[in-house]
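Here is a short tour of helix packing and charged pairs. Have the model open beside you as you read.

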Amino acid sequence: MTGAGPLIEQNKSAKEKMAKAVEAFKRELATLRTGRASPGLFDNIRVEAYGSHLPLNQVATINVPEPRLITLQAWDKSLISHIEKAVINSPLGLVPSVDGQVIRVPIPPLTQERREEMVKVARHKVEDCRVVIRGARRDAKEALEKLKKDGKLPEDDLRRHVAELQKITDEATRLAEDALKAKEKEILET
């Protein structure tokens, strides 16, 4: 088998790129609001603190004491108003209330219209993930075809490795679809 090293590397590299795309997609899904409290909702919120914008989880402890309540406890008491402002200005549409040293963020139930909108956003994000997966597949396939053209890879090996690449692609796509279905179910639960 001529060129086995580069072949294995092409498929391995494509598999890694696809896995990273699926993981990034799952992280993005965690930031979508459902009717339940989840610390992941605050992953994209940044707080103005110490002359820069820091992720909320770097300036406060995030707890979920109840299914529809999140509490934020600032590590530095002087940041409470900045944290409250960051939550209010986020696109989540949440209204926090300061209770001494704790910020309480109730999670109101979503309307059916808002749930459908969240499902559309999730579907858009899965399509972005699919584009990255297909791009990784295309790049790996082009590299394999170049090896064949350069005479470093027989036709049979090319077909076998392209088939393996397709299996990797199908698996990554399935993982993204499974994550989407789980999130849709979570969003649509009442």
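Predicted model: local features only at pLDDT ≥ 70, side-chain atom pairs only at ≥ 80, totals over all residues.

Let's start with helix H3, which spans residues 112-149, and helix H4, which covers residues 155-188. Their axes lie 10 Å apart and the helices pack at an angle of about 170 degrees. Angles over 145 degrees count as roughly antiparallel, so H3 is roughly antiparallel to H4. What kinds of residues make up the contact of H3 with H4? They divide into 16 nonpolar, five polar and ten charged.

Now for the charged pairs. Side chains of opposite charge can pair when their charged atoms come close. In this model the count comes to 18 salt bridges, and the table shows some of them.

| Salt bridge | N to O distance |
|---|---|
| Glu 155 and Lys 148 | 3.3 Å |
| Asp 157 and Arg 160 | 2.8 Å |
| Glu 171 and Arg 174 | 2.6 Å |

How accessible are the partners? Asp 157 and Arg 160 both sit in helix H4, three residues apart, about one turn of the helix. Asp 157 is buried, with a relative accessible area of 12%, whereas Arg 160 is partly exposed at 40%.

Glu 171 and Arg 174 also both belong to helix H4, three residues apart, or about one turn. Glu 171 is partly exposed at 36%, and Arg 174 is partly exposed at 39%.

Methods. Residues numbered from 1 in each chain as written. Heavy atoms only, no water. Axes fitted to C-alpha atoms, helices over the stretch in contact; angles between N-to-C directions. Helix = DSSP H or I, 4+ residues; strand = E, 2+ residues; numbered from the N terminus. Parallel < 35°, antiparallel > 145°, perpendicular 65-115°, else oblique. Nonpolar A, V, L, I, M, F, W, Y, C, P; charged D, E, K, R; others polar. Salt bridge = Lys/Arg side-chain N within 4 Å of Asp/Glu carboxyl O. Buried < 20%, exposed > 50% of the residue type's maximum accessible area, 1.4 Å probe, protein only.
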